[in-house]
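User: Here is a model I would like to go through with you. Please set each label against its cut-off as we go.

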Amino acid sequence: DLIEHIRAMGEAAHKVSLTATGRSRSKAARMIDRIDRRILSILQEDCTVPVAEIGRRVGLSTTPCWRRIQKMEEDGVITGRVALLDPRKVNAKVTAFVAITTSQHTEDWLKKFAAVISEFPEVVEFYRMAGQVDYLLRVAVPDIEAYDDFYKRLVAKIDISDVSTTFAMEQIKNTTQLPLAYVATEKPRPE
């Protein structure tokens with residue numbers, strides 16, 4: 001359900017959200033042991049490491065290691081594997097944070113807004129917020145002119161009360177690696 005997906009995006013990473021299998025991620029996280037956590041750490045750093053090498057690093061043979069990875073994918077702990085790109089080399093070097101306020105808070109409006117946002121490849125992150133701002137977007141564009149074009153197309157498609165944009169001057173830290181120290185671990189499962 002699109003609304004549930006949008007709502008889940010706005011929650012903190014440690015909150016419960018439903019996976020495609022209907023299991024909660026927090027339940028899946030409780031099932032993770034120390035070996036799984038080490039596997040996740042390796043995969044978050046570089047998902048191209050061969051399973052045999054991951055197994056060697058965590059003290060497992062290839063098949064049990066592969067089964068653990070498959071189980072974490074089935075449980076929704078691992079939700080995908082991607083290549084991370086250098087924004088400068090793909091001409092998306094300007095990062096804009098777009099704070100949006102609206103007077104519309106109905107489910108129908110949110111569905112329409114989410115559909116509009118999904119049409120914009122420049123929007124790389126989209127959150128429903130608590131506080132003075134209703135939604136926050138992270139937008140990647142080549143330059144200010146491209147952002148202005150994005151802005152004009154956005155406001156032409158949907159009624160928004162206020163849009164406030166700030167531009168990143170310098171990226172100090174950027175990681176896709178989630179902290180794993182908060183995952184409750186249990187004793188390693190027998191293979």
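Analyst: Happy to! Helices (H or I, at least four residues) and strands (E, at least two) are DSSP runs, numbered from the N terminus. On that count α5 is followed by Gly76, whose phi is positive, near 80°. The model is predicted, so local features need pLDDT of at least 70 and side-chain atom pairs 80 or more, while totals for chains, interfaces and linings use all residues. Residues are numbered from 1 along each chain, and side-chain values use heavy atoms, without hydrogens or water.

User: How do you know that the span of helix α5 agrees with its number of residues?

Analyst: The expected span is 1.5 Å times one less than the number of residues. For the 13 residues of α5 (62–74) that gives 18 Å, and the end C-alpha atoms are 18 Å apart, so the two agree.

User: Which residues of α5 are buried, and what makes them line one face?

Analyst: Pro64, Cys65, Arg68, Ile69 and Met72 are buried, meaning under 20% relative accessible area with a 1.4 Å probe. Seen down the axis of α5, they fall within an arc of 140° (taken from directions to the C-beta atoms), so they line one face. Their cover includes α3 (34–45) and α4 (51–58).

User: Why are α3 and α4 called oblique?

Analyst: Their axes, lines fitted to C-alpha atoms over the stretch in contact, are 10 Å apart at an angle of about 135°. Angles under 35 degrees count as roughly parallel, over 145 as roughly antiparallel, 65 to 115 as roughly perpendicular and the rest as oblique. The pair α3 and α4 is therefore oblique. In contact (heavy atoms within 4.5 Å), Ile35, Arg38, Ile39, Ile42 and Leu43 of α3 meet Ile54, Arg57 and Val58 of α4.

Key. Buried < 20%, exposed > 50% of the residue type's maximum accessible area, 1.4 Å probe, protein only. Axes fitted to C-alpha atoms, helices over the stretch in contact; angles between N-to-C directions.
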